[in-house]
Amino acid sequence: RSNSAALMIQYGKGQFAKGKVLMANEKGNLEVKHFVSQSGQNQYLLISDSKAATIDVSEAIESVIHLIEEKDLSLKYVLVTHAHQSHVQALPRLKQKFDTNFCLHEYEYQHLKQTDVDTEPDQILNDNDILKLGTVDIRVLLTAGHTKGSVCYWIKEADALFSGSTLLKKSYGRIWGPSSMSLMHFSLKRLGSIIPAKTTIYTGSGELTKMANEGWIHCMRSA
């Protein structure tokens, strides 16, 4: 499928009773299922060539399981953008249900140990690692700031960036002091320099956006 394929959007309640299920995007042989909790947390199921990956799935866990089973998908990766409790609470259920790989950046392990989840990572991620999902490549970008090991997942051929609590619409995620701000500043400038304007930003909370709409990043002064 051409990268110029039209964006296909459908809205509906689906199986996720606590929020909305948005059938968000099918482009570059990538299908994205987008779940929104009542608290505004975005959760994603990525599908390519019958292979699947989750990103930051928590409250939508049962709906995600239903879709995976209904579509007879192979869940290859369980991904999180960072390891705060709300992002990892579904890990035990996913690992129990599927033969899958939980991936985590090496710098984020300390945050995982501070939660009540005792699931160990199957694969340690590093900056610029490539995860193969069906016919697409998921590139791992270390974007420290919200946490030391926060990452974004970039699928260039699908014009998609899953930005977690790094880049939000017209904003960025919570920081924890001057050193955290310095890291966030560097990460945002990095995204601004490499992510094309046409890219859809699948944020960790709030509305989705386009990189073209986040030009404020280029106006940030050097830290």
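**Reading a helix, its cover and the aromatic pairs**

Biologist: In helix α1, which spans residues 61-70, which residues are buried?

Modeller: This is a predicted model, and in it the buried residues of α1 are I61, S63, V64, I65, L67 and I68. As a general idea, an α-helix has 3.6 residues a turn, so residues three or four places apart point the same way.

Biologist: What covers the buried residues of α1?

Modeller: The cover includes the strands β3 (30-36), β4 (42-48), β5 (51-55) and β6 (74-79), together with the helix α3 (91-97). After α1 comes D72, and the phi of D72 is positive, near 55°.

Biologist: How many disulfides does the structure hold?

Modeller: In general, a disulfide is a covalent bond between the sulfur atoms of two cysteines. The structure here holds zero disulfides. As for individual cysteines, C103 counts as buried because its relative accessibility is 0%, and C152 likewise counts as buried at 0% relative accessibility.

Biologist: How should I read aromatic pairs, and how many does the count come to?

Modeller: A pair of aromatic rings is described by the distance of the centres and the angle of the planes. In this structure the count comes to four aromatic pairs. One of them is formed by F162 and Y202, which are stacked, with 4.7 Å from centre to centre and 15° between the planes. This pair links distant parts of the chain, since F162 lies in strand β12 (residues 160-164) and Y202 in strand β15 (residues 200-203), 40 residues apart.

Biologist: Are F162 and Y202 buried or exposed?

Modeller: Both F162 and Y202 are buried. They also belong to one aromatic cluster, which is formed by Y44, F162 and Y202.

Biologist: Why is the pair of Y172 and W216 described as tilted?

Modeller: The ring centres of Y172 and W216 are 6.3 Å apart and their planes stand at 35°, so the pair is tilted; planes under 30 degrees apart would count as stacked, and those over 60 as edge-to-face. This pair, too, links distant parts of the chain, with Y172 in strand β14 (residues 171-172) and W216 in the segment after β16 (209-210), 44 residues apart. Y172 is partly exposed, with a relative accessible area of 29%, and W216 is also partly exposed, with a relative accessible area of 23%.

Biologist: Which ring does the charged end of K148 sit over?

Modeller: The charged end of K148 sits over the ring of Y107, at 5.0 Å from the centre of that ring.

Note on methods
Residues are numbered from 1 along each chain as its sequence is written. This is a predicted model: local features need pLDDT of at least 70, side-chain atom pairs count only at pLDDT 80 or more; totals for chains, interfaces and linings use all residues. Side-chain values use heavy atoms; hydrogens and water are left out. Buried means under 20% relative accessible area, exposed over 50%, partly exposed in between (1.4 Å probe, protein chains only). Helices (H or I, at least four residues) and strands (E, at least two) are DSSP runs, numbered from the N terminus. Contact means heavy atoms within 4.5 Å. A disulfide is a pair of cysteine sulfur atoms within 2.5 Å. Rings of Phe, Tyr and Trp (its six-membered ring) pair if their centres lie within 6.5 Å; planes under 30 degrees apart count as stacked, over 60 as edge-to-face and the rest as tilted. A charge sits over a ring if NZ of Lys or CZ of Arg is within 6 Å of the ring centre and within 35 degrees of the ring normal.
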